[in-house]
Amino acid sequence: MNEPTLSVADYQQAAERHIDQLPLGDGLWLTDKRRVAAHRFRELGFPNARQEDWRYTSIKRLLEKGFVADDAQSSFTPHSVKSQFLSEPVAGRLVFVDGLFQRELSDTDQEGVQLSSLNSVMAAGDKAALKALGSLSGIGEQGFAALNMATMQDGAIIRIAAGVKLEQPIELLHLTSRAAAGLSLRPRHLIILEEDASATLVERYLSLDDDEHFTNLVCEIVLGEGSNLHHQRVEQENPQAYHLSELYLGLQAQAEYRLVTASLGAGWSRTKINSRFSAPGANCELDGLYLAGDGQLVDYHLNIDHAVPGCSSRENFKGILTGQGRAVFDGRILVREQAQKSDAHLSNANLMLSRHAEIDTKPQLEILADDVQCSHGTTVGQLDAEAIFYLRSRGLNMEQARRLLCLGFASEILERFESDSLREQLGEVIRQRLETSAHA
Amino acid sequence: MGLPDSRMDELIQSDYTQGFVTQIESDTLPPGLNEGVVRTISARKDEPEWMLKRRLAAYRFWRTMKEPNWSSIHHPPIDYQSISYYSSPKKKADLKSLDEVDPELLATYEKLGIPIDEQKALAGVAVDAVFDSVSVATTFRESLAEAGVIFCSMSEAIREYPELIQKYLGTVVSDRDNFFAALNAAVFSDGTFVYIPKGVRCPMELSTYFRINEAKTGQFERTLIIADAGSYVSYLEGCTAPMRDENQLHAAVVELIALEDAQIKYSTVQNWYPGDNEGRGGIYNFVTKRGDCRGDRSHISWTQVETGSAITWKYPSCLLRGKDSVGEFYSVAVTKGYQQADTGTKMYHIGKNSRSTIVSKGISAMHGSNAYRGLVSVASGAENARNHTQCDSLLIGDHCTAHTFPYIEVRNPTARVEHEATTSKVSEDQLFYCRQRGLSEEDAVSMIINGFCKEVFKELPMEFAVEAQKLLAVSLEGAVG
């Protein structure tokens, strides 16, 4: 096999160069933070299989590609972007192509809502908005997150003012074009819901072309007291893409966070969700669906930290494996000593449809308090032969029966996507994927 | 709302009733470990040259290894040079009957409630009592010999059955398997060897009581059980140790081999000194136990009740290599005081139609820390492999912890693997219900705990099941009942 093209030092030097080129504004303190992050990255290096968190997920190929952190000279037709928009009306829209904000394609006028790009906020030296940057993620506990902090290029800053309740969703669309080939994109999002705010966010990662690139994303979500966010997330980049998402959630008292996420694309994708309760009464629900087909690796890591009493969390992740697909699932629930009356339940079900697929799943419970209700469950199995027989006796052929059952398996998660068009579209993608895997 | 804390604490602090030191003259090597010590051990046991070579190779390899640190247990670093690696009661001789055994030794067993002669007469259990590191009393040899069963100490087996030892020893847990297994391979003092010939159903339950008696003596037991084709054996291992203020290291290795259609049932009740309520002293129990279902339709089941030791660190595992082979793991682990347990199992599904069941019950009280760590692995050739895992944790008091770390690795699409785990405290509704029926709080909790562990206890041979229930009641006296 090939050696990694770039060393940790090369990446760090590239990061330092990137920082040096930043326009000097009032954001000096942020520049310092980036330098610290670059240094931290040098210390941490890239993760390796000896680290428990990366035991099953190799980054060898990713490093061999030697994706460089640079800005792309994107060329795309507005139409190609617009055709990807959600079909229903939205309360606001932020569009990024190759990691950079596209003002003309975005829609940022909404009362009580700040919808802006990280670059513009940094250029304006808006310290108030940037204060929260890194408040949940820190400088980065692993190399990629630190590298993101050092070299973040742009991203969404969404702030919903206290008491504002949005009926329509906010769309956050991230597209990659041909110009991103060989690049490492470093988006960084910050989403803040103030007290009693309520919103729906639809966040999607799509490819306009099928070139190799690496998306190294960090997203921080700060939920104020009594706020409510329904987060719908789709990762559907092209099969050559590498995608790493690191989500950090902070929930204040009575805050409610509901996530539904689908990982359908990218050859290599990993999503880590860190959820931390910081005051009682908050609730967090995560639902996820992943499809791993030929040449795909899908990795989900959940880290649910019950740091305070009286919070509840529920996680339900389902996976379908076909061809030579590989899936990794790690769901950790930590209930700290003082977190009495915690309620946490996690479930992970996997459907293994191919001889060459592999699933490595590891739910974990770490319980340090006693008055809790916690559980987790994992299954790996196949389609029920009797159910197939039943459908076939009704005249469906083998493939139709299989597909129908798989869709039924997936629908529990898909139903949590509120947008009809999106749900239908995802259903269609899954149907097609199952069809190609059956013929493969 | 449960018991008030003060009452709870008072009740929890039941003393270790098996804590006493027997004064017996013993022949102990000075602390320290080097090649000389390994040679001495081998020489004292009149071992053949090939055994010494093996020990030395294991020792040399061990020196290149690092102590593992991945588990959730914590302890001060162990100074391997401050441990004495060999201790044997001086009055060692070929004893023909129990009358020849040191009366003081027999008295020790009686205090523990294991009167050998009584068991001999009543229970029909052959007891190979290991007092420190050398077997001093072996009973029922004749009737076992009649059936062709070999049941003897490991040192004897090395001398008498070298071909079996050379063929099987270290084939399940290699001398380089892990840090503690390598240490054991280098310095193991003694242990038990069992061979059940083809088609023989062992006429009685075999049992060894381990005792650690000599202060500062690490105990390095080595057990090897071979069940030849079509045979059956049930083996009981029970442990108690006297009260002691210094940590004692125990690094045993147990290997089970089941050939075609053979079944091995291995049951453990472990009640070594857990340290006092401030977390001082207690046994470090770092054990490697592994069973190899080598033949088709072979069956190995591990049942364990772990109430003792300051630290328990063991994962009785099954290599399910044969077609239709079955692996089982039933465990109750109790931690109180400052006890730590990191235990679980590994089920490697390699053969077609292999099945495994895991039932693990963890109970934590006071500052106890209890972790289930397990692996279910299904290799690509293991058609129709089946696993069901159930791990439940019960928490008593708000300073204890319970962790569950199951690893599931599946590479075959016909596999069905299920894992479930729950963690909660004794339900107040259940308590209320029992109290309302006139049960005292203690009895109510005891009843609930026993119900919680029932699935595991019912797997134990009857005498053991009774002992285990008593042990649990004593261990958790007051913590819960």
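**Entry 1: α1(A) and α7(A).** I looked up where these two helices of chain A meet, and found that Y11(A), A15(A), H18(A) and I19(A) of α1(A) are in contact with L147(A), A150(A) and T151(A) of α7(A). I took contact to require C-beta atoms, placed from the backbone, within 7 Å. Helices (H or I, at least four residues) and strands (E, at least two) are DSSP runs, numbered from the N terminus. This is a predicted model, in which local features need pLDDT of at least 70 and side-chain atom pairs count only at pLDDT 80 or more, while totals for chains, interfaces and linings use all residues. Residues are numbered from 1 along each chain as its sequence is written, and chains are lettered from A and ligands numbered from 1 in the order in which they are written.

Helix α1 (residues 8-20) and helix α7 (residues 143-151) of chain A pack at about 25 degrees, with axes 9 Å apart. I note that this makes α1(A) roughly parallel to α7(A). Axes are lines fitted to C-alpha atoms, for helices over the stretch in contact, and angles run from 0 to 180 degrees between N-to-C directions. Angles under 35 degrees count as roughly parallel, over 145 as roughly antiparallel, 65 to 115 as roughly perpendicular and the rest as oblique.

**Entry 2: α8(A) and α9(A).** I found helix α8 (residues 385-393) of chain A packed on helix α9 (residues 398-414) of chain A at about 125 degrees, the axes being 9 Å apart. This angle makes α8(A) oblique to α9(A). The contact involves A387(A), I388(A), L391(A) and R392(A) of α8(A), and M398(A), A401(A), R402(A), L404(A) and L405(A) of α9(A).

**Entry 3: α9(B).** I asked how many of the nine residues of helix α9 (residues 179-187) of chain B are buried. The count is eight (buried: 20 or more other C-beta atoms within 10 Å of the residue's own, C-beta atoms being placed from the backbone). I recorded F180(B), L183(B) and V187(B) among them. These buried residues pack against elements of chain B including α2 (35-44), α3 (49-63) and β13 (283-293).

**Entry 4: chains A and B.** I noted that 30 residues of chain B are in contact with 31 residues of chain A. On the chain B side, β22 (386-396), β23 (401-410) and β24 (416-425) each supply at least two residues. Strand β21 (residues 373-381) of chain A pairs with β24(B) in the antiparallel sense over seven bridges (pairing: at least two bridges found by DSSP). Within β24(B), T422(B) stands opposite S375(A).

Conventions:
Buried ≥ 20, exposed ≤ 12 C-beta atoms within 10 Å, placed from the backbone.
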